[in-house]
Number of protein chains: 2
Amino acid sequence: MTDVEIHCNKERGQKFIKDVEQKRFHFSFVISYTETAEIPGITVAGADPNFIEYTPPADAEFIQHGFCKSIDIIPMTPDGKPTPALLTRASLQHADIPQVVINAGSKILPELPFFETGLPFGKNISKEPGLEKSSVMRAIDYGKKVGNVLALSTDCLVIGECIPGGTTTALSVMKGLGIDARVSSSMPNNPQSLKNQIVEKVLERSDSKEPYDVIANAGDPMIPFVAGMLSTASEITNVILAGGTQMAAVLALAKSVGYDKDRVAIGTTSYIIDDSSANFLEIIKQISDIPVLSINPRLEDSKFDGLHAYSKGFVKEGAGAGGSMIASVLKTGISSEKLLDLIDNEYSRVTTSQ
Amino acid sequence: MTDVEIHCNKERGQKFIKDVEQKRFHFSFVISYTETAEIPGITVAGADPNFIEYTPPADAEFIQHGFCKSIDIIPMTPDGKPTPALLTRASLQHADIPQVVINAGSKILPELPFFETGLPFGKNISKEPGLEKSSVMRAIDYGKKVGNVLALSTDCLVIGECIPGGTTTALSVMKGLGIDARVSSSMPNNPQSLKNQIVEKVLERSDSKEPYDVIANAGDPMIPFVAGMLSTASEITNVILAGGTQMAAVLALAKSVGYDKDRVAIGTTSYIIDDSSANFLEIIKQISDIPVLSINPRLEDSKFDGLHAYSKGFVKEGAGAGGSMIASVLKTGISSEKLLDLIDNEYSRVTTSQ
């Protein structure tokens, strides 16, 4: 028995866990960008508004190296709330899970080896469609190819993402597809009314319910790219969609692209499950009959205030943190208490070396 | 006019250069391993025999970071002859060419993001077949998939490799395929007789001329993997096979796998072209009508003895050095003199920071 909890389809969740326990995992990190993130008040990502576009490469660099190269600091709020990539790094390191980085529309390129897709970043959906329809199709096709290649040599492909402002595009996509969604935020006072205003504007622009139209109007490059990856990868191996709201939007699109439900689970933190301002499990049930796995990072027991903040509603999830913790637990059997020690060590290392 | 020289099919070479000048390049670095490298006296790669298996990940790490993570030192002989990855790094850095790393059978995993193929490392061909036939087919298939994905978003895919002992497997493969080949070495006194003894043993074991049989008996995982990459990538974009002898063996196999001759060039250093102990251009002409591009790194003009050694017959090529220099020149128009300054700076940085 591990500290991983199963929600929604419990039977499938148990089978999924059995299929991947102690097996080979590979973490793929999809970095992307939407100018929607530049709407004031929409995201806590990035220590400073000018740094928002550096957050995706900086997270990728931090996961790999424990420090960033694109910027001098690690993504952290001025009062010490660190990027969730810290949880991701501690988890992957412990379990020796290798990482691959894919640029699917990040404005800034990471300073480490990466796969380039050539996809453009997304536009600010409050002003104009997020993507051209041709980019949507290209992102799906490219995602299918990458998913196929990555799936061939692992027993479980974990897909994480970083796209600041991504909960807003995800919400717009889901509403556009007719899903009754309230989404989580990286801030404790979820800017619901701001998000809903944006969604309203987006949906006024187009009333097409055709999924690819909805993605073009309301989405970002990450959603179609990861939906493509999921589609082909799940035909070959097990896939953990590591994230909350954004992965729900991916799943909503994947219904149209196609995927194998028997080999997919969402992996996220308990903060997403427990967020009463959102309805995450209800959203997933509306979309698909797949299991949701969650783990409690127990950050309220951390030695550090910066990490306590997570349990008070900040950040909650991101950079594949929940899915990476779950992968680490399933591969090595580590308890969530022990994992917290490693996360604390990592936080201590980062804050004392600054 | 640049400092890139064209050999063999000059017309195709001119067209190739025209097609890629000032365009987008992506460098893919394939790391691999064959136990053939463990035959005493076969390779200079690695400062110490015990480090041979660390050379591929260390080169990948050095190209990306300018230092290694898998080992504390950079791959360099005790008297200061550095890995050719130093030339690769200086060239890619200057031209802002991103790198992707692919593990195709390295014994040691690199400490940076990479694509995993799950291919096994090669066996010592002086004792037993290098690969199982099923691994050959799997390597080609996987290479095809990776080549396809990588080719989609670049105007020129540069493929470099690191496999210690790789000139010996390459020689065996070419002889097995009936090509009249004498190959270069990373040492000034090319251990021809040792290599020829090995080749004799290998060819005694099997007289099949069927290309996939020859690769299985005499080859290593890099050759079929890169032949697969070349096959699909050349259908989509331009490809520089960055290397000497090993890339000749890749090309020899690619004749069977299939590829588009109009979009392929070999890119290498003038040390390979000028090596009178080998017959590189003759080998290529026997195999295919593609152009060979070369660049003179002018290391005899370097400020450092460790780099002079290259022009005295040591190292000569490796880690995609020649092809990366050519890519850097074709993308930015830099002269080989200026590139030498950057290489000298890099050598100085590395040797003073040790």
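Modeller: We shall take a helix pair and then salt bridges. This is a predicted model, in which local features need pLDDT of at least 70, side-chain atom pairs count only at pLDDT 80 or more, and totals for chains, interfaces and linings use all residues. Residues are numbered from 1 along each chain as its sequence is written, chains are lettered from A and ligands numbered from 1 in the order in which they are written, and side-chain values use heavy atoms, leaving out hydrogens and water.

Colleague: At what angle do the axes of α4(A) and α8(A) cross?

Modeller: Two packed helices are described by the angle and the distance between their axes. Here the axes of α4 (residues 133-151) and α8 (residues 222-236) of chain A cross at roughly 35° and come within 6 Å; axes are lines fitted to C-alpha atoms over the stretch in contact, with angles from 0 to 180 degrees between N-to-C directions. Helices are DSSP runs (H or I, at least four residues), and strands likewise (E, at least two), numbered from the N terminus.

Colleague: Which salt bridge does K107(A) form?

Modeller: Side chains of opposite charge can pair when their charged atoms come close. K107(A) meets E53(A) at 3.8 Å, N to O; a salt bridge is a side-chain nitrogen of Lys or Arg within 4 Å of a carboxyl oxygen of Asp or Glu. The pair ties together parts that are 54 residues apart in sequence, because K107(A) lies in the loop between β3 and β4 and E53(A) in the loop between β2 and α2. E35(A), E38(A), E53(A) and K107(A) are linked in a network of salt bridges.

Colleague: How many salt bridges are there over all chains?

Modeller: The count comes to 28. Another is K133(B) with E210(B), whose closest N and O atoms are 3.5 Å apart.
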